[in-house]
Amino acid sequence: RPILWSLPSDGHKDARAWIAAGIDAAAITAQILAVATAVQPPPGAIHEDGTLPKEDPRMIREYRHELFHSKTTAMGEQGVFVDTSPTGAGKSYSTCVALRDVPGVLVETVDKRGRVREREVPLKSVTALPTHENCRERAAEMRAVGILAKHIGIMPELTRDNCQNFEAATAAREAGLSHGQVVCRRCPYSKGCPYAADTARATNRRHLLLTHERLRRSAAAKYITGRQIVIIDERPNEVIRPAIECNVNDLEEAGEFFAVVAASCESVALQTLDSWADGGGAPDRAVAISAAAARLHRAAVDLATQANAITEPGAYMVESADVEAMPARWEQLVPDMLAESSRKPPAGAVRLLLALGEGLATAAAVVVDRRPDGEFDRKLLIAWAVPFEGQSLHLLDGTADAATLERLAGRPVTDITPQGHLAAVHDVRQRP
């Protein structure tokens, strides 16, 4: 019989959520079969009655007991741990139970009489999931196993209900920027902001839940500092080694945009922006905008020119002195740059320039491919490592590979997945 293998599209946690969203299964099946190749199993790979040879299965209760024990032990240790249990085996549930049961850290305190006393301080955690909906689901799972609601914090989703400057924040995000860094810092509605209040409340809780996107940005350190346990649920490779890519045409378009912005504002020497960054007093914003935009224009042109000069397929490294020399705080001017023109630059190119300017990466890789018509496709790519150091880092993904994660993390990865396969999980037979 035909076996159709598919991966969920972007925005869905797993195949179950994808199917529940109402995909057109018949249309997808027809598309797959139109290009499918029939593969015959080798002799002996299947029994005469049509069943597959397999080892003795493990019962789900035994499997989960081992998984609970492994996670509870690992959460009290520093290092990187991966759980690749199949869907339905209890990756999420066992993680919640382990967070509930993991012992705290003993610390010594001295009372007013000079006596030394020991007390146990609970460990703090941060869990990253693909979407805000996933965060709310995980909070419910944590409450279900007995973790008190007052200890669980969910980073809020930006909406019109909690942000009075929603249009500006949305424009910044669509341009590939962090609204918290470039809009919230000088927002006229910052006093009494519900979004800021919910954010502060969540970050003060023992267990913090947030989306992957927050950990992929440069401000990731503020969410993991002071937390002993970090959990990344689904697609951990995208979080431990974030990447941004854009094609050369988008980079050139971004350069043209910044050139227009620079020309429309007052032109001055770059030293003005540098002095502002060093605390020498805020100059006229048009002056600062023009200087920053001019530098971004030159950086985009420089990188695009280097990429276009490459005429052989392969991967190459390029860098620009202009983008590396961007002073601190310059990204706060980008919303004003966007307001200078109704035309918006490609988000991927802006994010790439921003990441280089922030020092997340010092150079970009150019990947050149030759198309069948003889022309070249050129893409720029940067990647960096999120600073997970000194924590107990747990990666949950049924399709993850420990060796690959080890290369991406640059550290040893311990696979704590129980051995063997399960007899049945949600009426689905698991095979080795």
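## The seven-stranded sheet

In this predicted model, seven strands form an open sheet in the order β5-β6-β4-β7-β12-β1-β13, with parallel pairing. Pairing here requires at least two bridges found by DSSP between two strands; strands are DSSP runs (E, at least two residues) and helices likewise (H or I, at least four), numbered from the N terminus. The edges are taken by β5 (152–154) and β13 (413–415), each with a single partner strand, so one side of each is left without a neighbour in the sheet. From one strand to the next, the twist averages 20°.

Helix α4 touches β1, β4 (125–129), β6 (207–211), β7 and β12, and its direction makes about 170° with that of β7. Helix α5 (residues 132–144) touches β4, β5, β6 and β7, and its direction makes about 155° with that of β6. Axes are lines fitted to C-alpha atoms, for helices over the stretch in contact, and angles between N-to-C directions run from 0 to 180 degrees.

## Strand β12

Strand β12 (residues 392–396) is mostly covered, with five of its five residues buried, that is, under 20% relative accessible area, where exposed means over 50% and partly exposed lies in between (1.4 Å probe, protein chains only). Ser 392, His 394 and Leu 396 point one way from β12, while Leu 393 and Leu 395 point the other way; all are buried.

Strand β12 pairs with strand β1 (residues 79–83) in the parallel sense over five bridges, and Val 80 stands opposite Leu 393. Strand β7 (residues 229–233) also runs parallel to β12 and is joined to it by five bridges; Ile 229 has Ser 392 as its bridge partner in β12.

## The contact of α3 with α4

Two packed helices are described by the angle between their axes and the distance between the axes. The axes of helix α3 (residues 60–74) and helix α4 (residues 91–101) come within 9 Å and cross at roughly 45°. That angle makes α3 oblique to α4, on a scale where under 35 degrees is roughly parallel, over 145 roughly antiparallel, 65 to 115 roughly perpendicular and the rest oblique.

From α3, the contact involves Leu 67, Phe 68, Lys 71 and Thr 72; from α4, it involves Lys 91, Tyr 93, Ser 94, Thr 95, Ala 98 and Asp 101. These residues divide into four nonpolar, three polar and three charged. Ala, Val, Leu, Ile, Met, Phe, Trp, Tyr, Cys and Pro count as nonpolar, Asp, Glu, Lys and Arg as charged, and the others, Gly among them, as polar.

## The four-stranded sheet

A further open sheet has four strands in the order β8-β11-β10-β9, with antiparallel pairing. Strands β8 (243–247) and β9 (314–318) stand at its edges, each with a single partner strand, so one side of each is left without a neighbour in the sheet. Neighbouring strands are turned by 25° against each other on average, direction ignored. Six bridges join β10 (residues 364–370) to β11 (residues 376–383), and Asp 369 has Asp 377 as its bridge partner in β11.

Helix α12 packs on this sheet, touching β8 and β11, and its direction makes about 85° with that of β8. Helix α17 (residues 347–357) also touches β8 and β11, at about 130° to the direction of β8.

## Basis of the values

Residues are numbered from 1 along each chain as its sequence is written, and side-chain values use heavy atoms, with hydrogens and water left out. Local features need pLDDT of at least 70 and side-chain atom pairs count only at pLDDT 80 or more, whereas totals for chains, interfaces and linings use all residues.

Terms used: Contact = heavy atoms within 4.5 Å.
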